[in-house]
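This briefing goes through one protein model in short points. Keep the sequence and the 3D view open while reading.

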Amino acid sequence: MIVITAPTGRIGHQVLGTLIDSGRPLRVIARDPARLEPRTRERVEIVQGSHSDPEVLAEAFAGADSLLWLVPPDPRAESVQDHYLGFTRPACEALTACGVRRVVGITSLGRAYGGPAGLLTPAFAMDALIEETGVDYRALAMPFFMENLLHHVEALTSTGTFSTANTVDRPLATVATRDIAEVAARLLLDDSWSGRETVPVIGPDDLTPEEMAQVMSEVLERPVRARQVALEDYAATMARYGASGAWARGLADMAAAQNDGIYDAERKALAAPAPTGFRQWCRDVLKPAVPG
C-alpha cells in the first residue's frame, strides 16, 4: 500500500496520476475528496481529513509500506516552524506505530547552508524529524518551482512583467513540478532502496530571472521584463495579499537565502539534471495559461 498526502496539490496529483495505473494499491489523505478526479475516487482508498490529525494518520498508515509526505503551505499560519512540525510530529509517531517502511518527502535544497532561510528552514527540521524515526527516507530536494511563475499570469498579461525578490542578474536554479512527481513516483514504486539520502531534483538551466524573462518573451511572443523588488517590499506585498506576518517574512527570508546562494553547492555538484528545461516548460505550461 502506497499512501499519498496532498493528492490534489500541484505535486501530489501528478504523482497520483502516474501511480493510478501501476496496479499497486493506493490510499490518499484528502480534506475534500470531491476535489479528486472522479476516476481517482473510484480507484483509490480515501481517508478524509487532514494529515496533521493523529487519528487520520493512524487510519491512513495502517498496513502501508510507502508514503509520499508533503506539508501543504498555509500562508495564514502564525508560525512557519509550528506549521511544518505540527504536521510532521504526529506523522513521525504514526510512521513508527504503523511500521511504514519508506518515505519520500518533498523538501528543499540547501540543508547544509547553515543560516536562516525563511520557509526553507522548517523543511530541513521536517527532514531531521523523519530521519530520527529510523524509516528509510528519500528527501527530494528542490530549488525554485517554475510553477511559481503562474502566480504572475495576470501581470504578464496586463503589463508584460513579473516581480521577484530574487536578484534579477543572478542565476536561480529551477525545477518543473512534473519532474519532481516523476522521481517521487519512481521511488514509491521501487521496493529495493533503503537508508536515508537527499535526492536533488534540479532542471538543466542556469538562468537569471532576466534571462528567464527573455525566454518567456520569445515563447509568449510578447515583451516580458523581470522587475526586482526589495525584500521588505516583497514581504509587505505578500501581507497585503493575506499572508500572515510570519509567512510573509518567511518568504522574504527564503528569497534572501536564494540570493545568498543556498542552492549553489548542490546545483554545481549535480550529476544528471531533471529533463524539463525552462523553455520547454514555458511552451507546455506557461503559454497555455497566458491569454493570447
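Helices are DSSP runs of H or I with at least four residues, numbered from the N terminus. By that count, Thr40 has its place in helix 2, which spans residues 38-43. The model is a predicted one.

- Is Thr40 buried or exposed? Its relative accessibility is 7%, and buried means under 20%, so Thr40 counts as buried.
- Thr40 is in contact with Leu16 and Ile20, when its neighbours within four places in sequence are left aside.

- Seven strands form an open sheet with parallel pairing, and their order is 3-2-1-4-5-6-10.
- Strand 3 (45-48) and strand 10 (196-200) stand at the edges; each has a single partner strand, so one side of each has no neighbour in the sheet.
- On average, neighbouring strands of this sheet are turned by 20° against each other, with direction ignored.
- Within the sheet, strand 1 (residues 2-4) pairs with strand 4 (residues 66-69) in the parallel sense, over 3 bridges.
- Which residue of strand 4 is the bridge partner of Val3? The partner is Leu67.

**A helix across the strands**
- Helix 1 covers residues 12-19 and lies across strand 1, strand 2 (26-30) and strand 4.
- The direction of helix 1 is at about 150° to strand 1.

**The cavity**
- Rolling a probe the size of a water molecule over the atoms shows where empty space is left.
- How many cavities of 30 Å³ or more does the count give? The count comes to 1 cavity.
- The volume of the largest cavity is about 30 Å³.
- Its lining consists of Asn166, Thr167, Arg170, Pro171, Leu172, Gln258 and Asn259.
- By class, the lining of the largest cavity divides into 2 nonpolar, 4 polar and 1 charged.

**The second largest pocket**
- The second largest pocket has a volume of about 280 Å³.
- This pocket is lined by 13 residues.
- Which of the lining residues lie nearest the centre of the second largest pocket? They are Ala6, Thr8, Arg31, Arg35 and Pro72.
- The lining of the second largest pocket has 5 nonpolar, 5 polar and 3 charged residues.

Note on methods
Residues are numbered from 1 along each chain as its sequence is written. This is a predicted model: local features need pLDDT of at least 70, side-chain atom pairs count only at pLDDT 80 or more; totals for chains, interfaces and linings use all residues. Side-chain values use heavy atoms; hydrogens and water are left out. On a 1 Å grid over the protein atoms alone, a cavity is a set of points where a 1.4 Å probe fits but cannot get out, and a pocket is an open set with protein on both sides within 12 Å along at least five of seven lines; lining residues have an atom within 4 Å of a point. Grid points are joined across faces, edges and corners, and a volume is the space filled by probe spheres set on the points. Ala, Val, Leu, Ile, Met, Phe, Trp, Tyr, Cys and Pro count as nonpolar, Asp, Glu, Lys and Arg as charged, and the others, Gly among them, as polar. Two strands pair if DSSP finds at least two bridges between them. Helices (H or I, at least four residues) and strands (E, at least two) are DSSP runs, numbered from the N terminus. Axes are lines fitted to C-alpha atoms, for helices over the stretch in contact, and angles run from 0 to 180 degrees between N-to-C directions. Contact means heavy atoms within 4.5 Å. Buried means under 20% relative accessible area, exposed over 50%, partly exposed in between (1.4 Å probe, protein chains only).
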